[in-house]
Amino acid sequence: MPKAINILSAALLALLLALSGCSSKDTIKIGAATYTETKIMAAIYKELIENRTDLKVDVIPDLLSNSMILKSMGRDDIDIALMYSGVIFNNFFPVKQTTDRESVLQQAQEGFDRHYNLKWFDPLGWENTYALTVREDVAKEKGFNNVSDLQNYQSEMEFGVDSSWMERKQDGYPAFIKHYDFNFQKAYSMDVNLVYEAAASKNVDVVLAYSTDPRLIEYKLKTLKDDKRFFPPYDASMVARNEILEAHPELNEIIDELTGKIDEETITRLNYEVDINNRSERDVAREFLQQKGLLKK
Amino acid sequence: MKILQDYFEFLQLRLPDIAARSGEHLMIVGLAVFLGCLVAITTGIILTRMKEGPISGLVFGIVNIFQTIPTIALLAMLLPLLGIGLKPAVFALFLYSLLPLLRNTYSGIKEVDQGVIESARGIGYSSMQRLWKIEMPLALPFILSGIRLTTVYIISWTTLAALIGAGGLGDLIIAGMANNDNFLIFTGTISAIILALVVDFILGFITRKNSEQSQQAN
Amino acid sequence: MTFLKEVWTYIKDNLDMILIYTGQHLLMVLFGVAAALIVGTLLGILCNRYPKVAPIILSVANIIQIIPSLALLALLMLYFGLGFYTVVVALFLYSLLPIIRNTYVGLQQVDRSITEAGHGIGMTYFQLLTKVQLPLAMPFIMAGLRIAAVIAVGVATLAPFVGGDGLGREIFSGINSRNDIRIYVGAIPASILAIIADLSLGTIERRLKI
């Protein structure tokens with residue numbers, strides 16, 4: 001036998017063997033987006049599910065958008081993912097405009113069940129939304145806790161926001177100052193990654209940030225409560241395909257174990273470990289579960 | 001038929017966007033290839049002026065390693081050094097353009113008949129004159145085909161620049177993926193292929209014209 | 001210096017993960033290139049046997065080659081969904097051209113007189129192909145395989161774009177969260193893998209020539 005044929009047939013054989021060994025049915029696939037907290041939650045549930053069951057879990061991170069994740073769930077490429085209640089306003093199905101937390105959640109739970117055959121679990125406990133933040137020392141000195149506490153000072157304050165929010169008509173800057181009846185001295189638009197440093201270095205007094213970004217801790221910034229409810233709620237929940245829950249009913253209980261257990265402070269701290277302390281999501285997830293005593297031997 | 005009609009409407013709506021992305025795309029490619037020509041052709045000439053030895057081996061070895069490194073790995077590794085956006089994209093693609101350009105310049109000049117060079121020396125041409133009047137014109141078809149080859153591939157690779165925020169047609173593909181918009185993915189793809197084919201055709205045409213001229217001159 | 005130390009700590013803490021990524025990376029490349037080796041060699045033989053189809057096969061493979069990798073992955077994902085198979089199919093398609101072309105060129109290189117001598121001693125086409133032509137074309141096929149493998153290692157780094165695994169995971173994570181450590185932890189092994197593929201297959205290629 002000439003060498004060429006030998007190599008070719010060996011390659012063919014290896015291919016067939018490998019392909020036949022690859023299709024395992026009992027693998028749960030958890031999707032995650034490009035930002036850290038979705039990857040941390042995916043890693044946490046991977047550890048948790050593999051700890052409680054014989055199922056194998058694959059994490060599929062860095063997916064481009066929530067729409068892409070939800071579409072992949074529709075074609076069974078992803079079984080479980082982290083979602084935020086406010087995504088319902090991205091044209092998935094007809095919705096009622098509101099900023100009421102309960103109502104948005106309820107619409108998400110009913111809508112995704114009906115239109116996408118997905119189970120939207122009860123919230124994990126934190127919200128990742130736009131948040132007005134000020135330096136901690138300023139907040140302490142002036143007694144700022146709520147956004148409306150800025151009322152007496154805002155006309156002398158400078159406001160740093162990310163450029164896309166500045167342009168948005170319905171829920172952007174113009175609507176915001178109208179809602180709170182504010183009139184900032186000046187509003188600067190910049191890349192969202194720059195606002196944290198801008199506030200810390202006293203270039204601006206107030207910035208619009210993402211509420212669970214660890215740089216809020218890094219730069220000692222305080223989040224003010226959106227007391228007049230301008231921003232749509234973004235309650236984080238796990239979402240799973242109804243079919244996978246029917247096939248493995250024990251997943252219901254496992255996913256629910258963390259319901260209501262992770263507040264904003266906790267997730268920000270976990271984000272901090274990954275983003276600022278440069279640890280892997282897997283390490284951070286394991287440590288979190290061990291601290292909570294959730295990993296059974 | 002409905003889908004064609006939809007697509008046509010989509011094209012009309014997004015045409016400015018597509019044109020802008022194509023423009024960015026061409027600019028990145030143009031800058032990278034231009035810088036590549038500048039550096040590779042000069043280096044190629046210098047290498048032919050030296051004795052074959054460790055230095056040319058080293059230069060080719062390094063340039064070959066650039067060629068081997070996965071595109072996204074190279075783009076990513078340049079991020080911490082050059083920041084996000086156009087700079088790392090142009091620089092990475094410039095590194096990729098070096099090997100074909102350098103190889104073709106080098107072998108193009110080396111291929112020139114020694115007899116021709118000797119007779120040029122005989123009639124008193126200086127080294128510079130030999131280079132500009134004899135060697136470069138004779139090596140030009142090689143260099144042009146190197147430019148053609150590298151440009152076509154760089155047009156294809158430039159789509160990856162969108163992953164590090166440099167824009168270009170890759171933006172359309174990524175936006176299409178993110179928003180489940182198949183028209184966008186399709187448009188980004190077709191635009192990049194058409195761009196590559198058109199540039200290939202134009203550069204091929206120039207190469208042919210050039211060789212016809214030099215044949216007439218002979 | 002502190003940066004290098006941080007890279008080192010990250011690697012130490014996550015070595016098993018990085019090794020798994022490397023394994024996944026190699027697996028995708030192996031599947032894609034092996035499939036292309038089988039199909040590509042057959043198509044190359046076809047090109048040599050039926051000169052009329054050669055330009056068609058070669059230009060189709062050529063067009064595939066200039067489809068941007070991001071686009072090819074995105075298009076394949078529409079059909080194959082997220083993950084492993086989409087990437088393998090893309091690697092297969094990209095590996096075809098170098099293997100077809102080199103098989104074809106290699107077979108064309110085989111001296112006509114040798115082929116005729118084979119005919120003369122009564123060899124069938126199949127015998128001639130497997131005992132004379134393919135072995136003589138082997139260095140060319142190896143050169144094609146080498147080009148294909150280097151391209152495949154590179155394209156496989158894009159796997160996370162369509163939900164696949166491999167060393168690209170750390171690179172994409174690093175780009176998305178602007179984490180330089182993870183960029184290097186993914187990009188350096190991926191580059192080394194490509195360079196090793198290039199050098200080792202290059203060595204085999206040279207051995208075959210002698």
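Reader: Is A32(B) buried or exposed?
Author: A32(B) counts as buried, because it has 25 C-beta neighbours inside 10 Å and the cut-off for buried is 20 or more. Keep in mind that this is a predicted model.

Reader: Where does A32(B) lie?
Author: A32(B) is part of helix α1 of chain B, which covers residues 2-49.

Reader: And which residues does A32(B) touch?
Author: Leaving aside residues up to four places away in sequence, A32(B) touches V90(B), L93(B), F94(B), S97(B) and I154(B).

Reader: How many residues apart in sequence are A32(B) and I154(B)?
Author: They are 122 residues apart in sequence. In space, the C-alpha atoms of A32(B) and I154(B) are 8.4 Å apart.

Reader: Staying in chain B, what about phi of N180(B)?
Author: N180(B) is not a glycine, yet its phi is positive, about 50 degrees. The residue sits in the loop between α7 (170-178) and α8 (182-217) of chain B.

Reader: How does N180(B) count, going by its C-beta neighbours?
Author: N180(B) counts as partly exposed, because it has 17 C-beta neighbours inside 10 Å.

Reader: New topic. How many residues does the contact take from chain C and from chain B?
Author: Chain C provides 26 residues and chain B provides 28 residues. On the side of chain C, the elements that give two or more residues are α4 (69-80), α7 (125-156), α8 (168-176) and α9 (180-209).

Reader: Which of those gives the most?
Author: That is α9(C), with nine residues. As for the kinds of residue on the side of chain C that touches chain B, 19 are nonpolar, five are polar and two are charged.

Reader: What is the angle between α3(B) and α9(C)?
Author: Helix α3 of chain B, residues 71-82, packs against α9(C) at an angle of about 145 degrees. Their axes are 9 Å apart, and the crossing is left-handed.

Reader: Which residues make that contact?
Author: From α3(B) they are A73(B), A76(B), M77(B), L79(B) and P80(B). From α9(C) they are D180(C), I183(C), Y184(C), A187(C), A190(C) and S191(C). Sorted by kind, the residues of this contact are nine nonpolar, one polar and one charged.

Reader: On to chain A. What does its secondary structure come to?
Author: Chain A has 13 helices and ten strands. Its C-alpha atoms fill a box of roughly 85 × 45 × 40 Å along the principal axes.

Reader: How much of chain A counts as buried?
Author: Of its 297 residues, 41% count as buried. If you take the contacts in chain A with a separation of 6 or more, 74% of them are between residues 24 or more positions apart.

Reader: I picked α4(A). What should its 16 residues span?
Author: Helix α4 of chain A runs over residues 101-116, and at 1.5 Å a residue those should span 22 Å. The end C-alpha atoms are 21 Å apart, which agrees.

Reader: Which residues of α4(A) are buried?
Author: V104(A), Q107(A), A108(A) and F112(A). They are on the same side of α4(A), because the arc they cover around the axis is only 110 degrees.

Reader: Why would spaced-out residues point the same way?
Author: An α-helix has 3.6 residues a turn, so residues three or four places apart point the same way.

Reader: What covers the buried ones, and what is on the other side?
Author: The cover includes β4 (118-120) and β10 (236-241) of chain A. On the other side of α4(A), E102(A) and R114(A) are exposed.

Reader: What comes just after α4(A)?
Author: N117(A), which takes a positive phi of about 55 degrees. N117(A) is in the loop between α4 and β4 of chain A, and it counts as exposed because it has 12 C-beta neighbours inside 10 Å.

Reader: Last one. How many residues of chain A are in contact with chain C?
Author: 25 residues of chain A are in contact with 28 residues of chain C. On the chain A side, α1 (3-22), β2 (56-63) and α13 (281-291) give two or more residues each, and α1(A) gives the most, with nine residues. That side divides into 13 nonpolar, five polar and seven charged residues.

Conventions:
Residues are numbered from 1 along each chain as its sequence is written. Chains are lettered from A and ligands numbered from 1 in the order in which they are written. This is a predicted model: local features need pLDDT of at least 70, side-chain atom pairs count only at pLDDT 80 or more; totals for chains, interfaces and linings use all residues. Two residues are in contact if their C-beta atoms, placed from the backbone, lie within 7 Å. Helices (H or I, at least four residues) and strands (E, at least two) are DSSP runs, numbered from the N terminus. Ala, Val, Leu, Ile, Met, Phe, Trp, Tyr, Cys and Pro count as nonpolar, Asp, Glu, Lys and Arg as charged, and the others, Gly among them, as polar. Axes are lines fitted to C-alpha atoms, for helices over the stretch in contact, and angles run from 0 to 180 degrees between N-to-C directions. A crossing is left-handed if the near helix is turned anticlockwise from the far one by less than a right angle, and right-handed if clockwise. The expected span of a helix is 1.5 Å times one less than its number of residues. The arc is that of the directions from the helix axis to the C-beta atoms.
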